[in-house]
Amino acid sequence: MTKTRITNPFKPSAGHLPPVLIGRDIILDDFQEGLDNGSGAPGRLMRITGARGTGKTVMLAEFRRMAEQQGWQTISETASAGMAQRLLEKLQPKKGNLSFSFEPSISVMSMGGSLGGVHYEKSRMPLTLRDAMSERLDALEKHDTGLLVTIDEAQAADRDDMVAIATTIQHLTSEDRNIAFVFAGLPSMTSKWLNDDVMTFLRRAQPERLGDVPLAEVSQAFTDTFAGTGMVLKDTPLDLATQATAGYPFMIQLVGYHIWRVAKRHHPQDASITVTVEDAEAGVRDALSRLGDTVHGPELDGLSPIDKTYLLAMAQDDGPSSTSTIAERMGKDARYASMYRMRLIEAQVIEERGYGKVDFAIPYLREYLREHAAYIRMTTGIVE
Ligand SMILES: Nc1ncnc2c1ncn2[C@@H]1O[C@H](COP(=O)(O)OP(=O)(O)O)[C@@H](O)[C@H]1O
Ligand SMILES: [Mg+2]
């Protein structure tokens, strides 16, 4: 008899649906209610924020799956230059690929645009986009369905694109169209867009902040997922695994993936594998080193040398750091240091911990900084 090869159930890569979406029931319910309750329901316009690796992209994919299950059409975009144009092109059905008949409206044609991918004038974009979306909704609403648009990495959007989308949303909402918009992005998207007057619509969007997943739910999901592939993870090895995740979604996948892999390798002959403490410890070590390469490294790459100096000063402490001590370590006055503190809080790299104290918001960043301090100083030209 040939043994069926069981593959690793964990998905430690960006945007990949995990075996279990842990700890996100409330936000999923909010969205489902939005779909059910019709135009004007809060869940019809959402903004999801969270640090890198908290599951924003996966959440958008899950929303699209839910909407499609109800027969909705979905369009997903990732913000970068030309987003409104791409959105428009997705609304223009290609020949031979029609799920609904669609005639270009007079207004679209009269703008000099053809359906062959001509770029529309920027100033006319809001109107064009709105018309295209209305047309699409006309067709969809005949079938009693609607349209979900998801925008990922919204913190990186161009203002022109956001204006076009804002105008479109405002009109379609006031006309009670069967539409839902979900924006996801780093926490900086809040300060970047919410203070802009044109973006009042985003202020009204239901805020959903993706935080840490409760460890009890992590533990349960580990137990179930391992059991699902014929492995037993319990007792001390289970506790080691659970604690190591710190409730951080990406780390949940990394820890699960590497422990599963190590256990398979350590017990190749066993019919039923029970994960040992050694397996769990080795798996956690592998997971941590991957976390550094995929999260800490890129996160630090996006920061300025002084931001990094601030973080290196924090990493000297074993727990929360006093902001005045950090300023001292940096050799700067408190006001100067506080500017960088604010930037780092906004980027959700660190967080406030009571009066005059800050701590790391990304798990294991402290350990990573300590391990790589010399390298970071050298590559950023930080001299002390
Ligand atoms: N609720 C969750 N439970 C378990 N794993 C999750 C959850 N949300 C995301 N993940 C996993 O975390 C990783 C990062 O998810 P992703 O959606 O790419 O994050 P983001 O877009 O916020 O950076 C992926 O490996 C994904 O499978
Ligand atoms: Mg993402």
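Analyst: The discussion below goes from the whole chain to single elements and residues. This is a predicted model, in which local features need pLDDT of at least 70 and side-chain atom pairs count only at pLDDT 80 or more, while totals for chains, interfaces and linings use all residues. Residues are numbered from 1 along each chain as its sequence is written, chains are lettered from A and ligands numbered from 1 in the order in which they are written, and side-chain values use heavy atoms, with hydrogens and water left out.

User: How many helices and strands does the secondary structure of the protein chain come to?

Analyst: Helices (H or I, at least four residues) and strands (E, at least two) are DSSP runs, numbered from the N terminus. The protein chain has 16 helices and ten strands.

User: What percentage of the residues of the protein chain count as buried?

Analyst: Buried means under 20% relative accessible area, exposed over 50%, and partly exposed in between, with a 1.4 Å probe and protein chains only. Here 49% of the 384 residues count as buried.

User: At what angle do helix α1 and helix α2 pack?

Analyst: Axes are lines fitted to C-alpha atoms, for helices over the stretch in contact, and angles run from 0 to 180 degrees between N-to-C directions. Helix α1 (residues 25-37) packs against helix α2 (residues 56-69) at an angle of about 35°, and their axes are 11 Å apart. On the α1 side, the contact (heavy atoms within 4.5 Å) is made by Ile 27, Leu 28, Phe 31, Gln 32 and Leu 35, and on the α2 side by Met 59, Glu 62, Phe 63, Met 66 and Ala 67. Eight of these residues are nonpolar, one is polar and one is charged. In this division, Ala, Val, Leu, Ile, Met, Phe, Trp, Tyr, Cys and Pro count as nonpolar, Asp, Glu, Lys and Arg as charged, and the others, Gly among them, as polar.

User: Why is strand β1 described as largely enclosed by the rest of the structure?

Analyst: Five of the five residues of β1 (residues 45-49) are buried, so the strand is largely enclosed. Leu 45, Arg 47 and Thr 49 point one way from β1, and Met 46 and Ile 48 point the other way.

User: Which strands pair with β1?

Analyst: Two strands pair if DSSP finds at least two bridges between them. Strand β4 (residues 179-185) pairs with β1 in the parallel sense over five bridges, and Ile 48 stands opposite Ala 184 in β4. Strand β5 (residues 206-209) also runs parallel to β1, joined by four bridges, with Met 46 opposite Gln 206. In β5, Gln 206 and Glu 208 form the covered face, whereas Pro 207 and Arg 209 form the uncovered one.

User: In what order do the strands of the open sheet of three stand?

Analyst: The order is β8-β10-β9, with antiparallel pairing. The edge strands β8 (321-322) and β9 (350-352) each have a single partner strand, so one side of each is left without a neighbour in the sheet. Three bridges join β9 to β10 (residues 357-360), and Glu 352 stands opposite Val 358.

User: Is Glu 299 buried or exposed?

Analyst: Glu 299, in helix α12 (residues 277-301), is buried, with a relative accessible area of 11%. Leaving aside neighbours within four places in sequence, Glu 299 is in contact with Arg 52, Val 349 and Ile 362.
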